[in-house]
Amino acid sequence: RQDRADLCAGFQQAVADVLSAKLRRALTAYLDEAPGRPTVAVAGGVAANAAIRARLETVCADLGALFVAPPLALCTDNAAMIAYAGLELFAAGQRDDLTLSARPRWPLDQSRPALVGGGRKGAKA
């Protein structure tokens, strides 16, 4: 039991470390371009994790950003919502031709250059 608890705590700490470091880097870059008081919104299952949420709140406080997250009761895993939406589309007769190539780091802005490690690997990317 203790090994399992230690493993889970270590994983949670690693996720909190990575997310807070990435948020700090992103906010710093943003503030270099657009000084002001940005707002950071966190939702879904990750916002329900008290340790991760606290670390992200700390980063926002350190850099003068506003932190916004729904009440814990409304922070649920988005997978159930996506599955339900898919079920509704399926029931309505909509089908996908499955020709879209999955890219885990799909760029949000197609006009911008790809980021290093942007998910493009192999001939099918």
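Which residue forms a salt bridge with Asp-62? The partner is Arg-24, and the closest N and O atoms of the two are 3.0 Å apart. Arg-24 lies in helix α1 and Asp-62 in helix α2, so this pair ties together parts that are 38 residues apart in sequence. Keep in mind as we go that the model is predicted. With a relative accessibility of 33%, Arg-24 counts as partly exposed, and Asp-62 is partly exposed too, at 49%.

A search of the whole structure finds two salt bridges, and Arg-55 and Asp-17 form one of them, with their closest N and O atoms 2.8 Å apart. Here Arg-55 belongs to helix α2 and Asp-17 to helix α1, so once again the pair ties together parts 38 residues apart in sequence. Arg-55 has a relative accessible area of 29% and is partly exposed; for Asp-17 the value is 32%, which makes this residue partly exposed as well. The general idea behind such pairs is simple: side chains of opposite charge can pair when their charged atoms come close.

Arg-55 also leads us to another residue of interest, Ser-20. The side chains of Ser-20 and Arg-55 make a polar contact of 2.9 Å. You will find Ser-20 in helix α1, which covers residues 2–33. Is Ser-20 buried or exposed? Its relative accessibility is 6%, and buried means under 20%, so Ser-20 counts as buried. Leaving aside residues up to four places away in sequence, Ser-20 touches Arg-55, Leu-56 and Val-59.

Now let us follow helix α2 itself, residues 50–63. Which residues of α2 are buried? They are Ile-52, Arg-53, Leu-56, Val-59 and Cys-60. Looking down the axis of α2, you would see these buried residues fall within an arc of 125°, so they line one face of the helix.

Asn-49 caps the N-terminal end, placing a side-chain oxygen 3.1 Å from the backbone nitrogen of Ala-51. After the helix comes Gly-64, with a positive phi near 75°.

What about the cysteines? Cys-60, one of the buried residues of α2, has 0% relative accessibility. Cys-8, with a relative accessible area of 49%, is partly exposed. The structure holds zero disulfides.

Our last stop is helix α3, residues 78–91. Its 14 residues should span 20 Å at 1.5 Å a residue, and its end C-alpha atoms are 20 Å apart, in agreement. How many of the residues of α3 are buried? The number is zero, so α3 lies largely in the open. Helix α3 is followed by Gly-93, whose phi is positive, near 90°.

Conventions:
Residues are numbered from 1 along each chain as its sequence is written. This is a predicted model: local features need pLDDT of at least 70, side-chain atom pairs count only at pLDDT 80 or more; totals for chains, interfaces and linings use all residues. Side-chain values use heavy atoms; hydrogens and water are left out. Helices (H or I, at least four residues) and strands (E, at least two) are DSSP runs, numbered from the N terminus. The expected span of a helix is 1.5 Å times one less than its number of residues. Buried means under 20% relative accessible area, exposed over 50%, partly exposed in between (1.4 Å probe, protein chains only). A polar contact is a pair of N or O atoms within 3.5 Å; within protein, one must be able to donate a hydrogen and the other to accept it, and residues adjacent in sequence count only if both atoms are side-chain atoms. Contact means heavy atoms within 4.5 Å. The arc is that of the directions from the helix axis to the C-beta atoms. A disulfide is a pair of cysteine sulfur atoms within 2.5 Å. A salt bridge is a side-chain nitrogen of Lys or Arg within 4 Å of a carboxyl oxygen of Asp or Glu.
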